[in-house]
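These are my notebook entries on a two-chain model. I record here what I looked up, entry by entry.

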Amino acid sequence: MEMNGKKMLKRLLCLIMLGAMVITLGACSTTEAETKSDSAKGITVTDTMGREITIEKPLEKIVTYNSGLSEVLTSFGSEATIIGRGDSVPNPVLNVEVPTVGKWNEPNIEAIMELKPDAVFTYAANMTADNETILENAGIKCIYLELTDVSKSTEEVTALGKLFGKEDKAEAFVKFHDKYEAIIEKKLKNIKEEDRATIYYEGYTDYKSVNKEAGGQALITAAGGINIAADETAKYPEISDEWVLERNPDAIVKLVSSTKKILGTDLTDQGAVTSFYNTLIARPSWGNLQAVKDDKVILLSSEVATTAFGSIVGELYIAKTLYPEQFKDIDVQKVHEELQKTLFGTDLVGIFAYPSK
Amino acid sequence: MKMSKTEKIKMEKNIDQAKLNYMNKRSRKILFILLLALALVVTAVISIAIGASSVNLKTVIQVFGDVFVHNESITDMQRDIVFSIRVPRIITAILVGMALSNAGLLMQGIFQNPLVSPYTLGVSNGASFGASLAIIFGSSFAFLNFGEFLLPVFAFAFSVLTMMMVYGVAKMSNNTSSTLILAGVAIGYLFSALVSLIKYVSDVKDLPELVFWTMGSLSGVPWEGIAIIAVALAGSIILMMGFAWDLNIMSAGEETAISIGVNYKRIKMLSFGISTLLTAVAVSFTGVIGFIGLVSPHITKMLIGNDYRYSVPASSLIGALLLLIADTIGRNIIAPTQLPVGIVTSMIGVPFFLYLIVRKRGK
């Protein structure tokens, strides 16, 4: 009897869940219809995935799993809109503890729904279609403005400006960015194709480089360099040390992760940076590399090489390393300080590149 | 009962025959070991002659010749590719292959279990935990001033710690082989969970380095590291050869060994210590390289038998050969991109191993 009772209960639970699914699916189709009818009057932007996002009014409450976004919102003065964050997103507002809603790559749907935000910002790869439907049905927009492709940084920041009603702030960045991008382009015009410098670009891990599809390529291209590993099959190939020696690149760019505590905001220990640099150029036979002989080796903080705001500074650092003559009138450190003032109104503290240019 | 003269002659003949058979077998085994050594030399020559750069056999010969008679045509870069990149890497492959193979040989011998490898007792999990601490929280340990040796020191320390934990747990119970294996597997899982936890909470930027480490790499091992592996290996091989008879008797089982007068516990402890040391030292510098320690002792047994006097040198050579071949393929197959050696060892080792199993069973 007891067994039968348990079975009945199980069946009943299954039926309830089935019913819930049917209702959810039904709700899904109505929401889609509503969105379409509203699209005429709201704010419409295109996100990283190429989807059109339409909202009625600027976002006031959001959850973000993207720390890059939090930086942009801070510069907009919109950091208080963050009411929930992934574990890698720093607490945006002083003295107010914003709750964390799971790991950066695993959005916790229940926790998000409980906070009732207007929208949630995640990386598209970490949001399943089912979860997206559940959130959209609860009136929570899923927006993928990933800020990882530095070649799209101005478009994405502009889109964020619209979504948060801070078009003026976004425009200030775009203006700054475009001004220096134009300067780089103009100077690069003086350099013939055949005189373009080759670059060995190394990520955070020793001998891990990037091919033409990886993030680093955009930075190399913008700075007028030629990536020696562009045609490798793997996106982040482990490159042979002897091959690097034989290719003898004109310049070497090494990225340093902020977690190494060598380069980045608030890190000012010159000794640690110098020692890291000396270990790098002391690799077997690197003393014979043209790049090392010509002092065309640069360490870049991830903050200036991979972020939407910082990448223009990273481009300038690389370009000046490759073509010091052309860029001798540009003080990249000063440009970075100016960018910091423009975006955040604060002074720049930290070492972001070594040797500084 | 007295033996007749003819019977006596017959028996002496049999003994002579047995002696002859033994000598034949012995010389066949020695010949086999010499052939393996030759194969290793040939493989090393091939390996040093191919790579992602244009340095080929001719250049390598010129570079070596340049040491004795100065050759103008040799560039610094060519010299460095041979002496600072290929030679250390090939030596590392040979030494690590030998170390892991002997560690496996000892483990399988003392535990009488064909599934045991140097990693069964959780040594590699402990090492991975140490390595992940160094990779993810390295900046917090900067005060130790270990520099580039922080990672190997941590990996080594945690491998040894794992071994001590395993041994401690086994000692608290009845200290049989199966308790040791069970304790090892369990503690291995614990460290593996800790590694997962570190991966889970760490910054995405540091993950590739950790993942890369767990796939093994023979590149960039400093000469100091090579020297440490060489010393540990040489000491271990001398000890193993010295105790070869005891180890042979032990493979007949604990009871037989004790009845013959072997200090079973001492030899078991010694073997346990040696195999842990060999694994820990190798793994600390190269990351986790699986499979060699499991299969090369088996291949050795299939080809040459259980006598440690022969199986120690043979398994050393087979381990070295396997790892050197795997690494040479790994660094050339899609050059200049290098495939992690851990992947290649399994890709070429598994089919070869299965072939040997099928052939042996077929017979």
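**Entry 1. The two domains of chain A**

I took the centres of domain 1 and domain 2 of chain A over C-alpha atoms and found them 30 Å apart. Domain 1 of chain A covers 40-165 and domain 2 covers 189-354; such bounds come from an automatic or database domain assignment.

Before going further I note the conventions. The model is predicted, so that local features need pLDDT of at least 70 and side-chain atom pairs count only at pLDDT 80 or more, whereas totals for chains, interfaces and linings use all residues. Residues are numbered from 1 along each chain as its sequence is written, chains are lettered from A and ligands numbered from 1 in the order in which they are written, and side-chain values use heavy atoms, with hydrogens and water left out.

In chain A, 11 residues of domain 1 touch 10 residues of domain 2. The area buried between domain 1 and domain 2 of chain A is about 830 Å², with 69% given by carbon and sulfur atoms; buried area is the accessible area (1.4 Å probe) that two parts lose on being put together, summed over both. On the side of domain 1 of chain A, A:E71, A:S75 and A:V150 supply 61% of the area buried against domain 2, more than any other three residues.

The elements giving two or more residues to the side of domain 1 that touches domain 2 are α2 (67-76) and α5 (153-163) of chain A. Helices (H or I, at least four residues) and strands (E, at least two) are DSSP runs, numbered from the N terminus. With four residues, α2(A) gives the most to that side of domain 1 of chain A.

**Entry 2. Chain A against chain B**

I turned to the contact between the chains, which takes 25 residues from chain A and 32 residues from chain B. About 2,600 Å² is buried between chain A and chain B, 52% of it from carbon and sulfur atoms. In chain A, the residues losing the most area to chain B are A:E238, A:E242 and A:E246, together 26% of what that side buries.

How many salt bridges does the rule find across the interface of chain A and chain B? I count two salt bridges there. One I noted joins B:R86 and A:E242, with the closest N and O atoms 2.5 Å apart. Across the interface of chain A and chain B there are also 13 residue pairs in polar contact, both residues at pLDDT 80 or more. Helix α8 (residues 241-247) of chain A gives the most to the side that touches chain B, with five residues.

**Entry 3. A:N227**

I located A:N227 in strand β8 (residues 225-227) of chain A. Is A:N227 buried or exposed? A:N227 counts as buried because its relative accessibility is 5%, where buried means under 20% relative accessible area, exposed over 50% and partly exposed in between (1.4 Å probe, protein chains only). The side chain of A:N227 makes a polar contact with the side chain of A:Q217 at 3.0 Å and reaches the backbone nitrogen of A:A229 at 2.9 Å. Leaving aside neighbours within four places in sequence, A:N227 is in contact with residues including A:I199, A:V210 and A:I220.

**Entry 4. Backbone geometry**

I found a cis peptide bond between A:Y354 and A:P355, with omega about -10°. A:P355 lies in the segment after β13 (353-354) of chain A. A cis peptide bond also joins B:A335 and B:P336, with omega about 5°; B:P336 is in the loop between α13 (308-332) and α14 (341-362) of chain B.

A:Y207, a residue other than glycine, has a positive phi near 65°. A:Y207 sits in the loop between β7 (197-202) and α7 (215-222) of chain A and is buried, with a relative accessible area of 11%.

Terms used:
Contact means heavy atoms within 4.5 Å. A salt bridge is a side-chain nitrogen of Lys or Arg within 4 Å of a carboxyl oxygen of Asp or Glu. A polar contact is a pair of N or O atoms within 3.5 Å; within protein, one must be able to donate a hydrogen and the other to accept it, and residues adjacent in sequence count only if both atoms are side-chain atoms.
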